[in-house]
Amino acid sequence: MLIITIKQGKEKSILSGDPWIYLSAIDKVEGRPQERNKPGTTALVQSSARQFLARAAYNAKSQIAARVWTLREDEPVDHAMIKRRVQAAVARRAIDVRKADPQALALVIDGEKDGLPGLLVHSYGGTAGYLVCQFNAAGVDLWRVTIVQALLAATGCPNVFERSDELMRKGEGLPVIWRGLAGEEPPQRLMVRDGNRLLPTDIRTGFVYPR
């Protein structure tokens, strides 16, 4: 595992709950070169006095050099943790999603708020519709297979499409990919509610057709 040592005094923001660790806060990164160069690798974060601070996803290619997974020393970052967090996020918003207009995009997972930094998931059309995912950080990108499996199990929706934010992925040094991850891709044109209006939209790209 990589070990990130934080500069003296810079640990305060981490301990206060800030999920982002900027490059300027890091004193050194220790570990094998292949791990340091692999975006999203899990790292142990420690203070200048070598006290445990967090476990985080490290990305040498991003100005946000690490995104915190957990402040608990006894919580490993593994398949079970990722699945728990997906399930908890889905359960947290299940009532809202069920009540949502089936022609609206309903929020299912909201990144850092759900302990899944950089991951956004919206649903359209309920359990028979589509999930649209944004893997906007290296950590969740590395766990995408586990995340998709957990989404399929937790929501019952068979169709998952990736539409990540181009600028954010480029800032993370990640390729920009729009593709189906499970089931069928959404059609090019769906009616999506925006306030009181229904707009013809391609939810795969976010493009709204002129009316």
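**Reading the sheet, the cores and the cysteines**

Analyst: This is a predicted model, where local features need pLDDT of at least 70, side-chain atom pairs count only at pLDDT 80 or more, and totals for chains, interfaces and linings use all residues. Residues are numbered from 1 along each chain as its sequence is written, and side-chain values use heavy atoms, with hydrogens and water left out.

User: In what order do the 5 strands of the open sheet stand?

Analyst: Strands of a sheet pair through backbone hydrogen bonds, either parallel or antiparallel. Two strands count as paired if DSSP finds at least two bridges between them. Helices (H or I, at least four residues) and strands (E, at least two) are DSSP runs, numbered from the N terminus. Here the order is β7-β8-β9-β10-β11, with mixed pairing. β7 (105-110) and β11 (178-182) are the edges; each has a single partner strand, so one side of each lacks a neighbour in the sheet. From one strand to the next, the twist averages 25°. Axes are lines fitted to C-alpha atoms, for helices over the stretch in contact, and angles run from 0 to 180 degrees between N-to-C directions.

User: In which sense do β10 and β11 pair?

Analyst: β10 (residues 160-163) is antiparallel to β11, over 4 bridges. Within this pair, R163 is opposite W178.

User: Which helix lies across these strands?

Analyst: Contact means heavy atoms within 4.5 Å. Helix α6 (residues 144-155) lies across β7, β8 (119-124), β9 (130-135), β10 and β11, at about 155° to β9.

User: Which residues of the largest nonpolar core touch the most other members?

Analyst: A nonpolar core is a set of buried Ala, Val, Leu, Ile, Met, Phe, Trp, Tyr and Cys residues joined through side-chain atoms within 4.5 Å. Buried means under 20% relative accessible area, exposed over 50%, partly exposed in between (1.4 Å probe, protein chains only). Of the 26 residues here, they are W69, V86, I109, I147 and L151. At least two core residues come from each of α3 (79-92), β7, β8, β9 and α6, and α3 gives the largest share, 5 residues. A second, separate core has 16 residues, including I6 and V68.

User: How many disulfides are there?

Analyst: A disulfide is a pair of cysteine sulfur atoms within 2.5 Å. The count is 0. C133 is in none, its nearest cysteine sulfur being that of C157, 9.5 Å away. C133 is buried at a relative accessible area of 0%, and C157 is buried at 2%.
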